[in-house]
Amino acid sequence: MFLPTLSQTITAIYTVSFTTLMTLTMFHFIQSAWKTLQKDWFHLKRLHQIPCDRCVFFTGEHSLKCTVNPYTAFREEAIDCLDYRPIKSH
């Protein structure tokens, strides 16, 4: 009858433990990266709702982006801006 030696048993346990640990680590990394990408994607979609660049009060200048609400221009607070007036196309 074949009985494994102590070193073979330790090697087998180590191999299984290491493989399991690495698999769990990779799963956690992939899950964490996926959650971060989802969060960033939804945040980016929200930022694209900011209408400042399509407003008549947008100046195009770095120092004064909006003549009506200069402190909230191009921030999330500007999404529901009450002073927003769309640029009319001719």
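Q: How many salt bridges does a search of the whole structure find?

A: Two. A salt bridge here is a side-chain nitrogen of Lys or Arg within 4 Å of a carboxyl oxygen of Asp or Glu. Keep in mind that this is a predicted model: local features need pLDDT of at least 70, side-chain atom pairs count only at pLDDT 80 or more, and totals for chains, interfaces and linings use all residues. Residues are numbered from 1 along each chain as its sequence is written, and side-chain values use heavy atoms, with hydrogens and water left out.

Q: OK, which side chain does R46 meet in a salt bridge?

A: That of E76, at 2.9 Å from N to O. The pair links distant parts of the chain, 30 residues apart. R46 is in helix α1, while E76 is in the segment after α1. Helices here are DSSP runs of H or I with at least four residues, strands are E runs of at least two, and both are numbered from the N terminus.

Q: Is R46 partly exposed or buried?

A: R46 is partly exposed, because its relative accessible area is 37%. The cut-offs: buried is under 20%, exposed is over 50%, and partly exposed is in between (1.4 Å probe, protein chains only). E76 has 32% relative accessibility, so E76 counts as partly exposed.

Q: And what does R54 pair with?

A: The R54 side chain meets D53 in a salt bridge, 3.4 Å from N to O. R54 is partly exposed at 39%, and D53 is partly exposed at 42%.

Q: Switching to rings. How many aromatic pairs turn up in the whole structure?

A: Two. Rings of Phe, Tyr and Trp (its six-membered ring) pair if their centres lie within 6.5 Å; planes under 30 degrees apart count as stacked, over 60 as edge-to-face, and the rest as tilted. Y14 and F18 form a stacked pair, 6.1 Å centre to centre with 20° between the planes.

Q: Where do Y14 and F18 lie?

A: Both lie in helix α1, four residues apart, which is about one turn of the helix. Y14 is exposed, with a relative accessible area of 56%. F18 is partly exposed, at 43%.

Q: What about F58 and F74?

A: F58 and F74 form an edge-to-face pair: 5.4 Å centre to centre, 70° between the planes. Each lies in the segment after α1, so the pair ties together parts that are 16 residues apart in sequence. F58 counts as partly exposed at 31%, and so does F74 at 36%.

Q: What is the phi of F74 near?

A: Near 60°, a positive value in a residue other than glycine. Most residues other than glycine have a negative phi.

Q: Now the inside. Which residues are in the largest nonpolar core?

A: Six residues: I50, C52, C66, A73, A78 and I79. A nonpolar core is a set of buried Ala, Val, Leu, Ile, Met, Phe, Trp, Tyr and Cys residues joined through side-chain atoms within 4.5 Å.

Q: What does C66 touch?

A: F57, T59 and A73, not counting residues up to four places away in sequence. Contact means heavy atoms within 4.5 Å.

Q: Last one. Which residues form a nonpolar patch on the surface?

A: W41, F42, L44 and L47, with about 430 Å² of accessible area together. L47 sits in helix α1, residues 6–47. L47 counts as partly exposed, because its relative accessibility is 35%. Patches are made of residues with over 30% relative accessible area and no salt bridge; like charges are joined within 9 Å, nonpolar side chains (Val, Leu, Ile, Met, Phe, Trp, Tyr) within 5 Å. Areas come from the Shrake-Rupley method with a 1.4 Å probe; for residues, only the protein chains shown count as cover.
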